[in-house]
Structures are given as structure tokens and as C-alpha cells.
Amino acid sequence: MSILTILEFPDERLRKKALPVKNVDNTVSKLIDDMFETMYDAGGIGLAATQVDAHLQILVMDTSEDKNDPLCFINPEILTQEGEFEYKEGCLSVPNFYEKVTRPGQITVKALNREGIEFEMQANDLLATCIQHEMDHLDGKLFIDHLSALKRQRIKAKLEKIHRLEGK
């Protein structure tokens, strides 16, 4: 397994729309393993393939306290959504920034698992938020797109300054 490089905002590759996975093969399995290793190493609870410059509809996440409940969603699709849940979201691609975002609090999602078998899952609160947050990445969206233009511009300016200072 390998730790992959996580793209950081305002990298334009984060805006690229992900393509459906046509065949769950060894290449996809290796990417999933690498994504889990990268997510755990970075201290995140979710990661979309887009964030590691692999523009396929793949999400990995683990919202458990002990980091022992890994979930993988390939070609995810939200079937139902209801209610509201507000959470102070952060993102590995927008490091060290956290802002409140309101999303549906209960969802039903359909996807393929890492073996290519279709499943449906109901998710609430944090897990529902994480799934929606990572699915946004597949459409080229970031959680900051749910914020005001002013907040988004401030975050962009701060990250650009940090990147300049770090020579990125």
C-alpha cells in the first residue's frame, strides 16, 4: 500500500468531475487500499478518489472512534434524503479550516462495495454528512462551496499564502 498525495484547494483538479467505475478490478482494489492508508495517515474520516487525483467515483470513510469500521462506496447514488443536520465540516483538501454546513440528516445511499456487489445503506447525522461531503468531491465541489462567497474567498487567500510560503 502507498500513501497518496492529497490535492489541496485551490488546485483545479479538485473541480474535475469523477467518472463511474466500469469494472471493480485489481487496479481499483489497490486504489481503495491506498486511499484508506492515505485517509488514516492524514487523520481524516473520509476521502474521495478525486482528492488523490484519481477521477473515479470511489469514496472511503471510517467515522468510528476506533477507526475499525472502514466503508467503501463505488459509484454512490443518494436515493432518499430528509431532515437537517448541521456539522462543523473540515476537509483534507482544505486543511485546518472548519465551518458549519447544513445537509440532510438522513439519507439512503446505493453503491457498489469493494467486491463490486451492489448494496443500499441508510445513514444518519455524521455518517450521512460524510457520505454527502465525499460525494460532493465526485462532482468537483468542496464543502466551502456551501459557504458565502466572502468566506470562500478568505479561505482561498489564506491557503494560497500558505502554499506560497511552503513552496507548493
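**Entry 1: the sheet**

I looked up the sheet and found that 5 strands form an open sheet in the order S1-S2-S3-S6-S7, with antiparallel pairing; I take strands (E, at least two residues) and helices (H or I, at least four residues) as DSSP runs, numbered from the N terminus, and I call two strands paired if DSSP finds at least two bridges between them. At the edges I noted strand S1 (46-48) and strand S7 (118-124), each of which pairs on one side only. Neighbouring strands of this sheet are turned by 40° against each other on average, direction ignored, where axes are lines fitted to C-alpha atoms, for helices over the stretch in contact, and angles run from 0 to 180 degrees between N-to-C directions.

I keep in mind that this is a predicted model, in which local features need pLDDT of at least 70 and side-chain atom pairs count only at pLDDT 80 or more, while totals for chains, interfaces and linings use all residues. Residues are numbered from 1 along each chain as its sequence is written, and side-chain values use heavy atoms, with hydrogens and water left out.

**Entry 2: strand pairs**

I went through the antiparallel pairs next. S2 and S3 are joined by 4 bridges, and there methionine 61 stands opposite leucine 71 in S3. S3 and S6 are joined by 6 bridges, with glutamine 106 in S6 as the bridge partner of glutamate 82. Strand S6 (residues 106-112) pairs with S7 over 7 bridges, and alanine 111 has phenylalanine 119 in S7 as its bridge partner.

**Entry 3: the helices on the sheet**

Helix H1 (residues 26-42) packs on the sheet, touching S1, strand S2 (58-61) and strand S3 (71-82), and its direction makes about 40° with that of S2; contact here means heavy atoms within 4.5 Å. H2 also packs on the sheet, where I found it touching S1, S2, S3, S6 and S7, and its direction makes about 150° with that of S2.

**Entry 4: H1**

I checked the length of H1: its 17 residues reach 24 Å from first C-alpha to last, close to the 24 Å expected at 1.5 Å a residue, the expected span being 1.5 Å times one less than the number of residues. At the N-terminal end aspartate 25 caps H1, with a side-chain oxygen 3.2 Å from the backbone nitrogen of threonine 27. Just after H1, glycine 43 takes a positive phi of about 80°. The buried residues of H1 are Val28, Leu31, Ile32, Asp34, Met35, Phe36, Thr38 and Met39, and they pack against S1, S2 and S3; buried means under 20% relative accessible area, exposed over 50%, and partly exposed in between (1.4 Å probe, protein chains only).

Leaving aside its neighbours within four places in sequence, methionine 35 is in contact with Leu4, Leu47, Ala48, Ala49, Val52, Ile58 and Val60.

Helix H2 (residues 125-138) is mostly covered, as 12 of its 14 residues are buried. Glycine 140 follows H2 and has a positive phi, near 80°.

Is arginine 103 buried or exposed? I found arginine 103 in strand S5 (residues 94-103), and it is buried, with a relative accessible area of 5%. Its side chain makes a polar contact with the side chain of glutamate 89 at 2.7 Å; a polar contact is a pair of N or O atoms within 3.5 Å, where within protein one must be able to donate a hydrogen and the other to accept it, and residues adjacent in sequence count only if both atoms are side-chain atoms.

A cis peptide bond joins phenylalanine 9 and proline 10, with omega about 15°, and proline 10 is found in the segment before H1. Aspartate 53, in the loop between S1 and S2, has a positive phi of about 60° although it is not a glycine, and it is partly exposed at 35% relative accessible area. Asparagine 96, in strand S5, is not a glycine either and has a positive phi of about 70°; at 67% relative accessibility it counts as exposed.
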